[in-house]
Amino acid sequence: MGAPQGTVLAPFLFTIYTADFSHNSTQCFLQKFSDDSAIVGLITDGDDKEYRGLTQDFVDWCQLNYLQINASKTKELVVDFRRHKHPPLQPLNIQGMDIEAVDSYRYLGVHLNNKLDWTHNSDALYREGQSRLYLLRRLRSFGVEGPLLKTFYDSVVASAIFYGVVCWGGNISAGDRKRLNRLIRRASSVLGCPLDPVEVVSDRRMVAKLSSLLDNISHPMHETVTALSSSFSGRLRHPRCGTERFRRSFLPTAVRLHNKDFN
């Protein structure tokens, strides 16, 4: 309340102000990043009491603490792989307004969809990369070259193409990977120097992320990653995966790709 928008301290003060409301159970948890909050719930056998109860508790807490929820901007993404989807899930209702159910949603810059693949995200990255590649060509046409042009690529073009690559780098389809690599090759021709493809950048950043998780005991995933480390080989063991969909998720893919890098 009263923190000037755009200041350095505003996100920090807001985080402190909202820190007293949290929820983390085996069925539901509240994920907060500054003023972006997401309630994630696992609904089994149609039992959504905890999920809806947590949503209502969060709405009530916001009202008590003078925080206004914008229900028109709130969306619900339902991931449902049941063969028989009956009865259908009833929409959430916040302050008398039914929340819109969407097939995909952009959360913290990453596009998630209800199929748990990365097609929407890859399309968005490709479009953004194309638009920024045009700027790179324009700079080259103005006579800009050398280290300055490479700096522009790293800070403007590559930052768009590789945004969130730790999450999706090992899981996108071969077709999407080829599309993004074509953009990188075009940028390479403009710069006149070789550039690392998606898979190389993804591997390098994944190893760095896993190393930081192993070193940071306060990170929420530290215990999970540490439990997979082998005291004999110094590698990360691949966890058991009940489904191929889980095998393609973030942590198992990261572990499978980089066993050799933790010798």
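Predicted model: local features only at pLDDT ≥ 70, side-chain atom pairs only at ≥ 80, totals over all residues.
**Whole chain**

Colour by secondary structure. The protein chain comes to 10 helices and eight strands. Now colour by burial. The chain has 263 residues, and 31% of them count as buried.

**Stop 1: Val 79**

Select Val 79. Its place is the loop between β3 and β4. Val 79 is partly exposed, because its relative accessible area of 38% falls between the 20% and 50% cut-offs.

Which residues does Val 79 touch, once its neighbours within four places in sequence are left aside? Show Asn 113, Asn 114 and Leu 116: Val 79 is in contact with these. Next, draw a distance from Val 79 to Asn 114, C-alpha to C-alpha. The two are 4.7 Å apart in space, yet 35 residues apart in sequence.

**Stop 2: Tyr 66**

Go to the loop between α2 (49–64) and β3 (75–77); Tyr 66 is there. Check its backbone torsions. Phi is positive, about 65°, although Tyr 66 is not a glycine. Is the residue buried or exposed? Tyr 66 counts as exposed, because its relative accessibility is 65% and the cut-off is over 50%.

**Stop 3: Gln 95**

Select Gln 95, in the loop between β4 (93–94) and β5 (97–98). Here is another non-glycine residue with a positive phi, about 55° for Gln 95. Gln 95 has a relative accessible area of 47%, so it is partly exposed; the label "exposed" needs over 50%.

**Stop 4: the positive patch**

Select Arg 137, Lys 178, Arg 182, Arg 185 and Arg 186 together. They gather on the surface in a patch of positive charge. Which helix gives the most to this patch? Highlight α6, residues 174–191: this helix gives four residues, the most of any contributor.

Finish on Lys 178, which is one of the patch residues and lies in helix α6. Its relative accessibility is 56%, so Lys 178 counts as exposed. Patch members need over 30% relative accessible area and no salt bridge. Lys 178 therefore clears that area cut-off with its 56%.

Technical notes. Residues numbered from 1 in each chain as written. Heavy atoms only, no water. Helix = DSSP H or I, 4+ residues; strand = E, 2+ residues; numbered from the N terminus. Buried < 20%, exposed > 50% of the residue type's maximum accessible area, 1.4 Å probe, protein only. Patch = residues over 30% accessible without salt bridge, like charges linked within 9 Å, V, L, I, M, F, W, Y side chains within 5 Å. Areas by Shrake-Rupley, 256 points an atom, 1.4 Å probe, with all protein chains shown as cover. Salt bridge = Lys/Arg side-chain N within 4 Å of Asp/Glu carboxyl O. Lys, Arg positive; Asp, Glu negative; His and termini not counted. Charge placed at Lys NZ, Arg CZ, Asp CG, Glu CD. Contact = heavy atoms within 4.5 Å.
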